[in-house]
Amino acid sequence: MGKFSSNKKAIALNEKLGAAIKALRKKENLTQQQVAEAIGVSYQQVQKWENGRNSLNSFRLLQLSALFGLTIIIRPDGLIKFGALNPYRIKTDAPVISKK
């Protein structure tokens, strides 16, 4: 398997993971800013993850798992699944923005 093929798989995985993060964030009614503050990054970084432009390191992935209260399972074939509730869920103090 060549390097180009490997890069394509990494990009595809970043895009899938980003879409999953965005869906979880919206399900929890959190803004990118609230997620960023909860795990100590900028909202621009969250935006880049959600768009698949940047990769997550394992530490940030664990932080997001705790924030959303889920285990995140990434299979070797690139399928992303969400497992049972994570007992180490982070409670964010960030205010929920009301939608008017």
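**Entry 1: layout**

Helices here are DSSP runs of at least four residues and strands are DSSP runs of at least two, numbered from the N terminus. With that settled, I looked up the elements of the protein chain and found four helices and two strands. Read along the sequence, they follow the pattern α-α-α-α-β-β. I note at the start that this is a predicted model.

**Entry 2: confidence**

The protein chain has a mean pLDDT of 79, and 76% of its residues reach 70 or more. Confidence is highest in helix H3, at 97, and lowest in strand E2 (residues 80–85), at a mean of 69. Over residues 93–100 the pLDDT is below 50, and beyond near neighbours in sequence this stretch has eight contacts in the model. Where pLDDT is low, the predicted coordinates should not be read in detail.

**Entry 3: the chain as a whole**

I looked up burial next and found that 33% of the 100 residues in the protein chain are buried. The chain exposes about 6800 Å², and carbon and sulfur atoms supply 56% of that area. I also looked at how far apart in sequence the contacting residues are. Of the contacts with a separation of 6 or more, 47% are between residues 24 or more positions apart.

**Entry 4: the core**

Which residues have the most contacts inside the largest nonpolar core? I found Val 35, Trp 49, Leu 64 and Phe 68, in a core of 17 residues. Helices H1 (3–27), H2 (32–39), H3 (43–50) and H4 (58–68) each supply at least two residues of this core. H4 gives the most, with four residues.

I then followed Trp 49. Leaving out residues up to four places away in sequence, Trp 49 touches Asn 14, Gly 18, Ile 39, Val 41, Asn 54, Ser 55, Leu 56, Arg 60 and Leu 64.

**Entry 5: Gly 18 and Glu 50**

Gly 18 is found in helix H1, and Glu 50 lies in helix H3. The two are 32 residues apart along the chain, yet their C-alpha atoms are separated by 3.7 Å. Is Gly 18 buried or exposed? Its relative accessible area is 1%, so Gly 18 is buried. Apart from its neighbours within four places in sequence, Gly 18 is in contact with Trp 49 and Glu 50.

Glu 50 has a relative accessible area of 7%, and Glu 50 is therefore buried as well, the cut-off being under 20%. I listed what Glu 50 touches, again not counting residues up to four places away: Gly 18, Ala 19, Ile 21, Lys 22, Arg 25 and Gln 32. With Gln 32 there is a polar contact of 2.8 Å between the side chains.

**Entry 6: helix H2**

Gly 40 follows H2 and has a positive phi, near 80°.

**Entry 7: Ser 65**

Last, I looked at Ser 65, which is found in helix H4. Ser 65 counts as buried because its relative accessibility is 7%. What lies 2.3 Å from a polar atom of the side chain of Ser 65? I found the backbone oxygen of Leu 70 there.

Technical notes:
Residues are numbered from 1 along each chain as its sequence is written. Side-chain values use heavy atoms; hydrogens and water are left out. A nonpolar core is a set of buried Ala, Val, Leu, Ile, Met, Phe, Trp, Tyr and Cys residues joined through side-chain atoms within 4.5 Å. Buried means under 20% relative accessible area, exposed over 50%, partly exposed in between (1.4 Å probe, protein chains only). Contact means heavy atoms within 4.5 Å. Accessible areas come from the Shrake-Rupley method with a 1.4 Å probe; for residues, only the protein chains shown count as cover. A polar contact is a pair of N or O atoms within 3.5 Å; within protein, one must be able to donate a hydrogen and the other to accept it, and residues adjacent in sequence count only if both atoms are side-chain atoms. pLDDT is the predictor's confidence in each residue, from 0 to 100.
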